[in-house]
Amino acid sequence: MRRVYFDHIATTPVHPQVMEAMLPYLNDFYGNPQSLHSFGQETASAIESAREKVAQLIEAETEEVFFTSSGTESNNFAIKGMALAQKTKGKNIVVSAVEHQSVLHSVKSLEKSGFSVTEVPVDQFGLVDPEDVRKAITPETILVSVLLANGEVGTIEPVASVAKVCQEQGVLCHTDAVDAVGNIPVSVKNLGVDALSLAGNQFYGPTGSAVLFLKKGTRCLPQIDGGIQESGKRAGSENIAGIVGLGTAAEIAQKELGVWADKVRPLRDTIIQRMEQEMDHVILTGHPTNRLPHHASFCVKFIEGEAMLLNLDMKGIAAASGSACTSRALKASHVLLAMGLDHATAQGSLVFSLVEKNTTDDIDYLFEVFPEIIERLRQMSPLYPNQEEE
Amino acid sequence: MIYSEKVMEHFQNPRNVGTIEDADGVGKVGNPVCGDMMEFYIKVKDNHIDDVKFKTFGCGAAIAVSSMVSEMAKSKTLEEAMAITNDDVAEELDGLPKNKLHCSNLGADALHKAIENYREKKKAHEKEVDVKAHEEKKEKFFCPYCDGPVEGMEEACRSCHVELDRCDECGKLLRKDADKCPHCGATKIRV
């Protein structure tokens, strides 16, 4: 059976060059980078070279890059670490309503220890208004966190403007850029943020390897205590192969990112156009133009996302959904609800995320099987208006 | 795969999808907030479920559960169908993931609601027919226990004050706490 992978926002495959770069560090080079002997020094220098490559990708200084185990850890590290380091100044944190769970749950956990959280709303496209952030900031506010791009609806947020507001108000600014870095050009200098999270498995790096960028001089308490790895900011023996892989992925992305985007954007546009032209009652979610180049997301009315995913999977097509039934917690997507969609519509969430290796044949195949899937599920749905009655 | 083969089989080939226009009973449960919605339609003949159809908005488990419930209910007596539990449905499907067990609740609930709806409709209908027949014949109703005259719509006998109800089977008057109908002999006279 033909297999098509349209779920790169969940994870990308590892690039062959990345795997090749990693293999020696699972084999020949195994010294602990904290050891003084040459075995340790070999791996220590591999880590530093990877740090340099990641720094170059996001225009940071080498010593501003800290390796972690996932985007989720980076977000936890940034939010909790920065909030706790600033707690004598104030105890309010401002976040957008469409943050990733790792940000929302981190602030929720801080609420239990006396912090307060203000959620900034978004418009119908999922966009945050920097002026709303300004209004939300009080003298108690110490930290603002607004994501750079939304994995569920693809919308790119005006983080540079948010960071400017934060600077004017003397408040720290973090951005969760996990779904953005490696897919669009990201420069911490241009953004002006104090902290930024990124993860390798969004751009051909290995899963389990991620980064928190912390601007020089930004206070952030470690969230894993132990040895002096990562300048004492993040203890634990380093995931050497993972870090090397992330470095190589960053190096490739820096060179190829523009080429990738130019190839994948027309594919994304084809999916959006054909959805509009060939399907009834399917709405685009997120911003129509200001969105990730590889991201096409929709709500298919009258049916539920998980049932669509299972049917697509039976045809060999991998996609994602933010429907309540798809989430293990059985909660509808907070992102879609924050954008003003009703529960029934949000249940029909469907996300296609591509890479430049996808082809127009893949999309033809999707539209070959998709209408039948929708029709079959709609015929089963009590919400679908009966044609005879119409 | 998170689902058993049987769940996937029912999900791919759901039985009894659709509606029944002149259904004897309709049961609707769920709402989009919780994720799933189910509608069951039944036709009843001689106290048996003669036909059953469903429409479902929901995940793979919800669709498979609806299909399985419809299969299990077919040709059963109303009492047997009422006795189908959530656990029975989940077991017939070779199990459901823990966080999807509520789907099996919905399926059985929707079927039970359809049967209750049928019983209520039947009772209301038979009461209407009974009252009409008496009116036409200019007959009076009598309390089945003291033979005192009653209007036919009261909830208690004016003479002996016994609480009155209508039999689910024949629609005739009987004591509210009766466990057997004195007119038709039905024993399961209440839902």
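Modeller: Two residues are said to be in contact if their C-beta atoms, placed from the backbone, lie within 7 Å. By that criterion, the contact between the chains takes 17 residues from chain A and 16 residues from chain B. The model is a predicted one.

On the side of chain A that touches chain B, α9 (305-314), α11 (343-346) and α12 (360-380) of chain A each supply at least two residues. The most comes from α9(A), which gives 3 residues. By class, this side of chain A holds 10 nonpolar, 4 polar and 3 charged residues.

Let us now turn to the sheet itself. It is open and has 3 strands in the order β9-β10-β12 (chain A), with antiparallel pairing. Strands β9 (282-284) and β12 (349-353) of chain A stand at the edges; each has a single partner strand, so one side of each is left without a neighbour in the sheet. From one strand to the next, the twist averages 30°. In general, the strands of a sheet pair through backbone hydrogen bonds, either parallel or antiparallel. Strand β10 (residues 295-300) of chain A pairs with β12(A) in the antiparallel sense over 5 bridges. As a particular case, A:Ala296 has A:Phe352 in β12(A) as its bridge partner.

A helix accompanies these strands. Helix α8 (residues 240-278) of chain A lies across β9, β10 and β12 of chain A, and runs at about 20° to β10(A).

Chain A is divided into domain 1 (4-10 + 258-380) and domain 2 (16-253). The C-alpha centres of these two domains of chain A lie 28 Å apart. Between them, 19 residues of domain 1 of chain A are in contact with 19 residues of domain 2 of chain A. On the domain 1 side of this contact, β10 and α10 (334-338) of chain A each supply at least two residues. That side of domain 1 comprises 8 nonpolar, 10 polar and 1 charged residues.

Finally, α8 leads to another helix. The buried residues of α2(A) pack against β2 (65-68), β8 (210-214) and α8 of chain A. Among these buried residues of α2(A) are A:Thr43, A:Ile47, A:Arg51 and A:Leu57. Helix α2 (residues 38-57) of chain A has 20 residues and reaches 29 Å from its first C-alpha to its last, close to the 28 Å expected at 1.5 Å a residue. After α2(A) comes A:Glu59, with a positive phi near 55°.

Note on methods
Residues are numbered from 1 along each chain as its sequence is written. Chains are lettered from A and ligands numbered from 1 in the order in which they are written. This is a predicted model: local features need pLDDT of at least 70, side-chain atom pairs count only at pLDDT 80 or more; totals for chains, interfaces and linings use all residues. Two strands pair if DSSP finds at least two bridges between them. Helices (H or I, at least four residues) and strands (E, at least two) are DSSP runs, numbered from the N terminus. Axes are lines fitted to C-alpha atoms, for helices over the stretch in contact, and angles run from 0 to 180 degrees between N-to-C directions. Domain bounds come from an automatic or database domain assignment. Ala, Val, Leu, Ile, Met, Phe, Trp, Tyr, Cys and Pro count as nonpolar, Asp, Glu, Lys and Arg as charged, and the others, Gly among them, as polar. The expected span of a helix is 1.5 Å times one less than its number of residues. A residue is buried if 20 or more other C-beta atoms lie within 10 Å of its own, exposed if 12 or fewer, and partly exposed in between; C-beta atoms are placed from the backbone.
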